[in-house]
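Please keep the structure open beside them as you read.

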Amino acid sequence: MKYQSQKVAYAYFLCAMALFGIQVAGGLLAGWVYVSPNFLAELLPFNIIRMIHTNALIVWLLLGFFGAAYFLVPEESERELYSTKLAYLQLIILMVGTLGAVGSYLVGIHGGREFLEQPLWVKFGILVAALIFLFNISMTVLAGKKTAITNVLLMGLWLLSLLWIFAFINPDNLSLDKMYWWFVVHLWVEATWELVMAAILAFLLLKLTGVDREVVEKWLYVIVATALFSGILGTGHHFYWIGLPSYWQWVGSIFSTFEVIPFFLMMSFAFVMVWKGKRNHPNKAALLWSLGSSTVAFFGAGVWGFLHTLHGVNFYSHGTQITAAHGHLAFYGAYVALNLAIFTYAMPLLRQRQPYNQVLNMVSFWLMTGGMAFMTFVLTFAGTIQTHMQRVVGDYYMEVQDSLSVFYLMRFGAGACVVVGAFLFIYSLVVVRKREVIEPGLATTVAGE
């Protein structure tokens with residue numbers, strides 16, 4: 001760690017990991033409800049469990065992005081953060097809003113729009129926190145050195161924050177409502193978040209492989225161009241069946257096909273950089289997470305997304321467990337694994353210690369990745385059967401759900417594996433054995449800076 005203000009990231013990472021634990025526990029609970037539908041039905045209904053699961057996911061990923069920005073921007077800009085006080089104020093606002101949202105859900109107060117269920121005051125709090133962040137990080141970059149990594153990161157985070165404004169638009173017309181809703185949900189995860197992912201991945205590979213910055217930057221700009229080109233009009237694959245003009249079926253199908261490209265480029269980029277760098281960096285776990293993130297993202301977001309994105313296929317498959325299979329693997333690969341990669345790289349530096357508990361950390365990678373892969377295959381098979389029985393044969397929804405019970409049981413087992421891996425990961429980063437402590441002055445050298 002080169003700059004004192006980078007320590008702000010430590011608080012963000014700890015809060016993110018706490019919410020990560022809550023998120024996976026909520027997911028496991030929701031998975032059991034699929035096996036035993038009446039479980040906690042009166043005390044904690046399924047829709048509330050699902051809200052907590054999905055909202056905790058979004059918030060902890062955003063905390064990870066913000067923390068990553070506060071960690072890498074000072075190093076890239078070669079100066080201290082503009083204001084550490086603003087950074088901590090932003091974190092307090094986000095955590096108070098998160099706790100307030102969860103409390104509201106538990107007593108039945110929510111907006112009712114999937115992923116955007118937060119009460120209005122929480123939405124405003126998130127907007128204020130985003131504005132504080134943009135001001136703080138932009139002032140830091142403007143006063144310091146500009147690099148491709150900070151440019152792309154800032155572009156992604158600015159667009160991410162501006163798109164949040166659509167969360168406040170809730171028209172009475174259902175078609176317009178869903179259209180604006182997708183402006184947030186799709187353009188976050190399949191456009192602006194991809195820019196953030198590419199920037200953080202580029203930073204990690206620059207540090208872990210030792211490849212020349214020029215090489216990394218050329219790849220980065222190509223990835224960004226393809227992500228925006230495909231992602232913006234790729235929104236059309238959500239406009240097929242919500243009452244919008246039929247031309248979206250062709251626009252969505254064509255540009256969604258291109259959405260595979262940026263994820264393939266990110267996977268290729270990661271492996272080529274490692275091959276070119278040939279650097280024996282001591283933090284092997286961070287490198288594993290970086291390569292794993294780009295690889296799983298390609299399969300989850302790219303391949304599994306393409307499986308049901310063409311409108312002729314999507315007519316039958318939309319809203320089935322195939323969607324759930326794609327969503328779980330895509331989020332895990334593209335954003336969960338990436339955040340865990342930057343946590344794994346940065347935490348030892350922030351705590352001025354050697355990369356620690358790496359074996360446990362890598363075991364957690366294989367537990368979570370294996371569990372998520374098995375869950376994806378199980379849900380894909382379940383979704384294929386559901387599509388045939390429900391959309392082709394015409395069986396009733398609940399009869400079909402009963403027929404899928406064995407798949408839901410297997411999905412729960414896979415989820416349990418992911419939860420064990422998640423808590424093992426948190427343990428591996430938070431708990432440090434005494435013999436792994438080194439002198440503060442040696443921390444940068446050991447981490448390969």
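1. Over which ring does the charged end of K178 sit? The ring is that of W181, and the charged end of K178 is 3.9 Å from its centre. Such a contact is counted if NZ of Lys or CZ of Arg is within 6 Å of the ring centre and within 35 degrees of the ring normal. R411 lies over the face of Y34 in this way, at 4.4 Å from the ring centre.

2. A word on the source. This is a predicted model, in which local features need pLDDT of at least 70 and side-chain atom pairs count only at pLDDT 80 or more, while totals for chains, interfaces and linings use all residues. Residues are numbered from 1 along each chain as its sequence is written, and side-chain values use heavy atoms, with hydrogens and water left out.

3. Now the aromatic pairs, of which the structure holds 41. Rings of Phe, Tyr and Trp (its six-membered ring) pair if their centres lie within 6.5 Å; planes under 30 degrees apart count as stacked, over 60 as edge-to-face and the rest as tilted. F65 and W193 make an edge-to-face pair, with 5.3 Å between centres and 85° between the planes. Because F65 lies in helix α2 (residues 46-77) and W193 in helix α6 (residues 174-209), this pair ties together parts that are 128 residues apart in sequence. Helices here are DSSP runs (H or I, at least four residues), numbered from the N terminus.

4. Are the two partners buried or exposed? F65 is buried at 0% relative accessibility, and W193 is buried too, at 1%. Buried means under 20% relative accessible area, exposed over 50%, and partly exposed in between (1.4 Å probe, protein chains only). Ring pairs also join F65 and W193 with W164, W188, F331 and Y335 into a cluster.

5. F166 and Y180 form a stacked pair: 5.9 Å centre to centre, 15° between the planes. F166 is in the loop between α5 (148-163) and α6, and Y180 is in helix α6, 14 residues apart. F166 is partly exposed at 25% relative accessibility, as is Y180 at 22%.

6. Finally, the second largest pocket. α10 (284-307), α12 (321-350) and α13 (358-393) each supply at least two residues of its lining, and the largest share, seven residues, comes from α13. Among the lining residues of this pocket are W304, Y332, W366 and F377.

Key: 1 Å grid on protein atoms, 1.4 Å probe; cavity = no way out; pocket = protein on both sides within 12 Å on 5 of 7 lines; lining within 4 Å.
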